[in-house]
Amino acid sequence: MTETVSTSATTESVEEFARRARQWLAENMPPIDPDNPPFAVRAEAESWERAKDLQKRLYEGGFAGICFPREYGGLGLDYAYQKAFNDECIRYEMPLILNTPSFTICAATILDMGSEAQKRERISAAIRGDEILVQLLSEPNGGSDLAGVITRADRRDDGTWVINGAKTWSTSAFAGDYGLMLARTDWTVPKHEGLTMFLVPLAAPGITMRRIKEVNGNEEFCEEFFDGLELPADAVVGEVNDGWTVASRQLHHERRAVGGGSEFASGTGAENANEMPPDHVGLAEATGQGDDARVQDLAGRALARRIVKKQLIDHVGRAIGNGSLPPNAGTLIRLFHAETTELEVDTALAIAGTAGVVDEGDELSGMLDIGVRYLSRQTGSLGGGSSEMARNVIGERILGFPREFAADRGVPFNQVKRNKT
């Protein structure tokens with residue numbers, strides 16, 4: 001059992017905690033210019049090693065895992081303390097890439113659904129900066145139908161499991177130590193009822209991992225192939241054949257994380273250049289359009305939406321906390337975030353014009369990153385399920401609309417037609 005960090009924070013007011021954090025940050029964390037921060041490139045192993053080192057500093061200083069329970073290595077404090085710390089750390093280098101998926105999705109899911117041993121071992125190791133947790137959910141033939149996974153897990157007589165199949169689009173899996181993996185354990189029941197979630201050590205024999213190269217040259221995502229991977233009985237997260245309950249909770253955390261509304265995120269700055277809001281006013285002035293009423297209208301619309309997004313995060317977070325909105329309301333944040341990101345990048349490219357996509361060898365050549373960002377602006381519309389699925393969740397589970405028709409609902413999975421016309 002790992003000892004938790006000793007701290008006096010539990011007897012401190014939020015103001016006292018913030019004051020102590022302010023002093024500690026100034027003495028222990030590297031200062032940065034928040035308007036021009038250093039960016040962690042997720043596709044590079046060095047970024048993850050640097051993040052783990054910074055996380056270890058936070059842990060040793062007593063400022064890691066602020067909202068995680070003390071028995072699992074955190075501080076057990078209210079979200080107000082985390083928000084206060086976020087305000088103080090904005091001018092210091094932070095291990096931001098550890099937030100998603102390690103803390104805000106995986107550790108949060110294990111906290112809700114894992115065994116006592118899984119909580120004490122995996123959450124504590126992540127908070128200490130010793131381990132990184134990732135997701136192994138999507139499959140090559142699955143699309144957005146997460147419940148339709150065909151990676152199979154067969155249980156032996158001694159209780160161990162053998163995994164065979166494949167996963168894809170696994171965010172930063174190459175840097176991970178453990179992954180939450182959904183597999184099919186019963187083919188004779190409807191698809192949602194025959195799934196089990198497993199906690200997989202990614203260095204185990206039987207796993208082959210490959211990097212995926214995107215259209216913009218990034219290699220953050222991975223695909224994994226499981227060939228006779230053996231897992232012990234205690235690798236199961238939640239209950240056997242109740243993996244959809246775990247996955248649903250995991251998606252809840254993912255949608256909140258993607259939208260920026262998780263209490264388990266430490267720090268709120270941009271972890272990479274693509275997350276920095278475009279400077280629409282600067283683009284307009286650089287291209288000689290600062291006085292153009294049409295361009296001013298475009299820039300103003302994007303800025304207004306950015307402000308509304310921040311207010312929506314605060315509103316939905318409070319509403320979920322006091323019970324006036326269901327947990328699924330986090331999908332509102334995730335959908336609005338995706339649409340805001342697309343609007344901001346589209347607006348930036350509309351203002352930059354050809355300077356955003358063509359190197360003309362002049363002072364505007366620095367705008368080419370806008371064109372590159374345009375290529376991947378829809379990633380926020382896919383994480384945690386597509387935006388179309390998010391609208392279904394909002395309609396059916398928040399607004400109470402009738403469920404969308406599904407031909408395979410209630411049909412044993414081994415009788416569902418797949419890959420047939």
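How many aromatic pairs does the structure hold? There are nine aromatic pairs, a pair being two rings of Phe, Tyr or Trp (its six-membered ring) with centres within 6.5 Å; planes under 30 degrees apart count as stacked, over 60 as edge-to-face and the rest as tilted. Select Trp169 and Phe221: the ring centres are 5.6 Å apart and the planes stand at 80°, so this pair is edge-to-face. Trp169 belongs to strand S3 (residues 161-171) and Phe221 to strand S7 (residues 221-231), so the pair ties together parts that are 52 residues apart in sequence. Helices (H or I, at least four residues) and strands (E, at least two) are DSSP runs, numbered from the N terminus.

The model is predicted, and its local features need pLDDT of at least 70, side-chain atom pairs count only at pLDDT 80 or more, while totals for chains, interfaces and linings use all residues. Residues are numbered from 1 along each chain as its sequence is written, and side-chain values use heavy atoms, with hydrogens and water left out.

Next, select Ser172, in the loop between S3 and strand S4 (178-184). Its phi is near 55°, a positive value in a residue other than glycine. Then move to Thr100 and Pro101, where the connecting peptide bond is cis, with omega near 10°. Pro101 lies in helix H4 (residues 99-113). Most residues other than glycine have a negative phi, and most peptide bonds are trans.

Colour the chain by domain: the assignment, which is automatic or from a database, gives domain 1 (14-131), domain 2 (134-245) and domain 3 (278-398). The C-alpha centres of domain 1 and domain 3 are 26 Å apart.

Select residues 11-129, which an unreviewed UniProt entry annotates as "domain: Acyl-CoA dehydrogenase/oxidase N-terminal". This span is 60% helix and 0% strand, with its end C-alpha atoms 25 Å apart. Residues 137-225 carry the UniProt feature "domain: Acyl-CoA oxidase/dehydrogenase middle" (unreviewed entry); here the composition is 0% helix and 44% strand, and the end C-alpha atoms lie 12 Å apart.

Finally, select helix H8 (residues 293-322) and helix H9 (residues 330-352), whose axes come within 10 Å and cross at roughly 165°. That angle makes H8 roughly antiparallel to H9 (under 35 degrees is roughly parallel, over 145 roughly antiparallel, 65 to 115 roughly perpendicular and the rest oblique). Axes are lines fitted to C-alpha atoms, for helices over the stretch in contact, with angles from 0 to 180 degrees between N-to-C directions.

Terms used
UniProt positions are given in the numbering used here, feature names are shortened, and annotations may be inferred rather than shown by experiment.
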